[in-house]
Amino acid sequence: MIVAGFGFRQGTGLASLRDALALAQEGQPAATHLATAADKAAALMPLAEGLGLPLRGLSPEEIASVATYTHSPASLAARATGSLAEASALAAAGPGARLLGPRHVSPDRMATCALAASLTIQEFLP
C-alpha cells in the first residue's frame with residue numbers, strides 16, 4: 001500500500017491538491033490510498049473520488065503519535081506534528097511504514113503531500 005498523506009490550508013482547491021500529489025509521486029510508485037486529518041477529509045474527498053482511491057481521516061491522536069522528517073512550527077502548533085502530510089501518510093500506512101521522502105509543497109504553497117509505503121510493499125522498494 002502506498003499512502004499519500006495531505007496537509008492543506010482552508011479553501012485549498014483541487015488543483016493545488018493534485019499538484020502536491022504529482023510532485024510527491026515523481027519517480028515513486030502511484031498512491032493507492034489517501035489520508036489526512038479527519039476534520040479535513042471532506043475537503044479531500046473530491047480528489048479521492050476523482051482518482052478512485054479510498055480516503056482515511058485520522059484522529060488527532062493518530063497524527064500526533066508519528067515522528068516526521070519535517071518540523072514546521074505552524075504544524076506543530078496546530079496539529080502536534082511537524083508535518084500533517086507526513087504524519088497522515090505514515091499513520092494510515094500502518095506499523096513499520098516508511099516515508100518515501102519528505103513532503104512536497106504545491107507551487108501555490110496551499111497543499112503538501114507525502115508518500116509512505118506500508119511494510120508489505122517495502123520489500124519491493126529500493
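## Exercises on a predicted model

**Exercise 1.** Determine which residues A92 touches, leaving aside those up to four places away in sequence, and whether A92 is buried or exposed.

*Solution.* Once neighbours up to four places away in sequence are set aside, A92 touches M1, V3, A35, R56 and L58. The structure is a predicted model, and in it A92 belongs to helix α5, which covers residues 84–93. The relative accessibility of A92 is 14%, and because buried means under 20%, A92 counts as buried.

**Exercise 2.** Carry out the corresponding analysis for F6, and state how far its C-alpha atom is from that of L34.

*Solution.* Begin with the location, which is strand β1. With a relative accessibility of 0%, F6 counts as buried. Its contacts, again without residues up to four places away in sequence, include L17 and L21, then L34, A35 and T36, and also L44 and L47. Further along the chain, F6 touches L84, A85 and S88, as well as T112 and C113. Although F6 and L34 are 28 residues apart along the chain, their C-alpha atoms are separated by 7.6 Å.

**Exercise 3.** Identify the buried residues of helix α2 and work out where they lie around the helix.

*Solution.* Helix α2 comprises residues 41–51, and its buried residues are A41, L44, L47 and A48. Viewed down the axis of α2, these buried residues fall within an arc of 110°, so they line one face of the helix. The face turned away from this buried side carries the exposed residues A42, E49 and G50. Turning to the partners, the buried residues of α2 pack against the strands β1 (2–8), β2 (33–37) and β3 (55–58), and against helix α1 (14–25). After the helix comes G52, whose phi is positive, near 70°.

**Exercise 4.** Describe how α1 and α2 pack, giving the angle, the handedness of the crossing and the residues that make the contact.

*Solution.* The two helices pack at an angle of about 60°, and their axes are 10 Å apart. The helices α1 and α2 are therefore oblique to each other, and their crossing is right-handed. From α1, the contact is made by L14, L17, R18 and L21, while α2 contributes A43, L44, P46, L47, G50 and L51. Sorted by class, this contact has eight nonpolar residues, one polar residue and one charged residue.

Note on methods
Residues numbered from 1 in each chain as written. Predicted model: local features only at pLDDT ≥ 70, side-chain atom pairs only at ≥ 80, totals over all residues. Heavy atoms only, no water. Buried < 20%, exposed > 50% of the residue type's maximum accessible area, 1.4 Å probe, protein only. Helix = DSSP H or I, 4+ residues; strand = E, 2+ residues; numbered from the N terminus. Arc of directions from axis to C-beta. Contact = heavy atoms within 4.5 Å. Axes fitted to C-alpha atoms, helices over the stretch in contact; angles between N-to-C directions. Parallel < 35°, antiparallel > 145°, perpendicular 65-115°, else oblique. Left-handed = near helix turned anticlockwise from the far one by under 90°. Nonpolar A, V, L, I, M, F, W, Y, C, P; charged D, E, K, R; others polar.
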